[in-house]
Amino acid sequence: MATETYSLAEVLAVAKTHPFYNPEIAYPANAEAIHRLQQLVAEQNAKPELQEQPLLGKKTLYKVIERLTHDVDPRNTYRECSYMSITGGGSGGVPMMFAVDAHENRQQRLQMGKFLKLCGVIQPGDWVLSTHLAGGFYRSLDLMTEIMENAGATVLSAGSYMPPVDVAKSLADYHVNILTGDGSQVVQTVYHISLMAPEDRNRICLEKIVYTSEPLTGPQRAFIKTILGDVKIISVMGSAEAGPWAISSPDLTGEQSVTSNSTDFIIDMRNVLVEIVSPSAVDGVSSSESTVLPEGEQGLIVQTSLQRLRNPLVRYITGDIGSIHPLPDAACAVIPEADREHLRVLRMRGRDHRFSFKWYASYFEFERIDALMREEDCGILQWQIILDRLESTPQATLEIRLLRSPPRDGILSNDDLIKRLEAFFLLFPENEHLFRIVFLDDLKGFERSATAGKVIKFVNRWS
């Protein structure tokens, strides 16, 4: 059943018979039923109307997936021949097991490898060392390893449990020129390299960093370049729901400014359709055409995969903010002419920050906190905020955990940074006993998500 991609008409036809989109349907269609739908679509040759399909919210998807995951009825095809990868679980959330047809998953890995090669991320002779996670039902290690191999690279599968000292030694011993891993793992490895003796550090010749899962902040990017020199910082974006689907590379979209709060990704509209909708569309769960914003305008990212058929992903609200733009001249110089018409730039601005948290009678917006932590003179490589309570009292405590770059010119001292944070979080004698700043030497002191091991930016133990 798996092909490279499916037509939009096929995806929409299957979606109408799937419990993700039709609450009256108990189970996804089996292979024979899907084949009949594909034949019917081919015979009718009707023009698909994507925007007639209602938007799909995360809560709806999670609820249906939870039921299908635990239903052992033989008619439940969701549990058959599936690639299972877990996501979520951060900030107390419930992990989600999104099932992808195993053959569709293999095809997508092959296509993403070709996409990496098309975009010039992987070149002949590249050696890649991956520190991605594996285990606990999380599969980023085998996913990224196979994608890189499909792109033509030779890959060393180090994994997340290899100590940084061994990772650094392997980078030198095997003449590795590309390091890939989650954002936190990349920062941890480069931080270790920064502490090495010059003669040992000089044996490492990294040309590219390919990170996934977590965005690298401006200070993190600046730190990486300070330690590794003229290294290209590249990103692959994906999710359990959609799989890998976008690439960010300075060769395609230019260098990202350390002060920028957005990242430009290249997407292939032959594999994924992206709409930008007004946030008000989600508030009213409207699917009318008027909610789709034109090219260049910023809104919520809505995604339709043309690589998912058995369990379709149609008009899925990702929870991210972004905008669509044409390919820049830099990308046109790399991408073959025959492919350019299918590619677009997705300017990703991060999660939907229409929320905040309250501590000691004051609201603190995540967008403003993130901007503070990104300020270059703060030298913050990783941060975490923990909202808790003081023992069994009704008083809320606020703890900030920080990993900073090594001291250098232009970076605030710990004391000066403490003063800035205390001023931002409105500290005064009445609440100072509820506030704490912890400086860490590595990532071990951060609370991580139960699935991907990502650093959770905001841990809410209060509610």
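Predicted model: local features only at pLDDT ≥ 70, side-chain atom pairs only at ≥ 80, totals over all residues.
Residues are numbered from 1 along each chain as its sequence is written, and side-chain values use heavy atoms, with hydrogens and water left out.

**Two domains**

The protein splits into domain 1 (99–352) and domain 2 (362–460), with bounds that come from an automatic or database domain assignment. Their centres, taken over C-alpha atoms, are 27 Å apart. About 1,700 Å² is buried between the two domains, and carbon and sulfur atoms give 59% of that. Buried area here is the accessible area (1.4 Å probe) that two parts lose on being put together, summed over both. On the domain 1 side, Ser184, Tyr191 and Pro219 lose the most area to domain 2, together 29% of what that side buries.

**Empty spaces**

Rolling a probe the size of a water molecule over the atoms shows where empty space is left. On a 1 Å grid over the protein atoms alone, a cavity is a set of points where a 1.4 Å probe fits but cannot get out, while a pocket is an open set with protein on both sides within 12 Å along at least five of seven lines; lining residues have an atom within 4 Å of a point. Grid points are joined across faces, edges and corners, and a volume is the space filled by probe spheres set on the points. The count comes to 1 cavity of 30 Å³ or more.

| Space | Volume | Lining by class | Top helix in the lining |
|---|---|---|---|
| Largest cavity | about 70 Å³ | 5 nonpolar, 4 polar, 1 charged | α4, 4 residues |
| Second largest pocket | about 530 Å³ | 14 nonpolar, 13 polar, 6 charged | α7, 6 residues |

For the classes, Ala, Val, Leu, Ile, Met, Phe, Trp, Tyr, Cys and Pro count as nonpolar, Asp, Glu, Lys and Arg as charged, and the others, Gly among them, as polar. Helices (H or I, at least four residues) and strands (E, at least two) are DSSP runs, numbered from the N terminus.

The lining of the largest cavity includes Met112, Phe115, Trp245 and Asp268. Both α4 (102–118) and β8 (243–248) supply at least two residues of that lining.

The second largest pocket has 33 lining residues, and the closest to its centre are Ser160, Gln185, Gln188, Leu443 and Arg448. Domain 1 and domain 2 each give at least three residues to this lining. Helices α6 (164–173) and α7 (183–194) each supply at least two.

**A closer look at α6 and two residues**

Helix α6 has Val167, Ala168, Ser170, Leu171 and Ala172 buried, where buried means under 20% relative accessible area, exposed over 50%, and partly exposed in between (1.4 Å probe, protein chains only). Those buried residues pack against β3 (127–130), β5 (178–182) and α7. Just after α6, His175 takes a positive phi of about 55 degrees.

Ile227 sits in helix α9 (residues 218–228) and counts as buried because its relative accessibility is 16%. Leaving out residues up to four places away in sequence, Ile227 touches Val190, Ile193, Ser194 and Arg201.

Key
Contact = heavy atoms within 4.5 Å.
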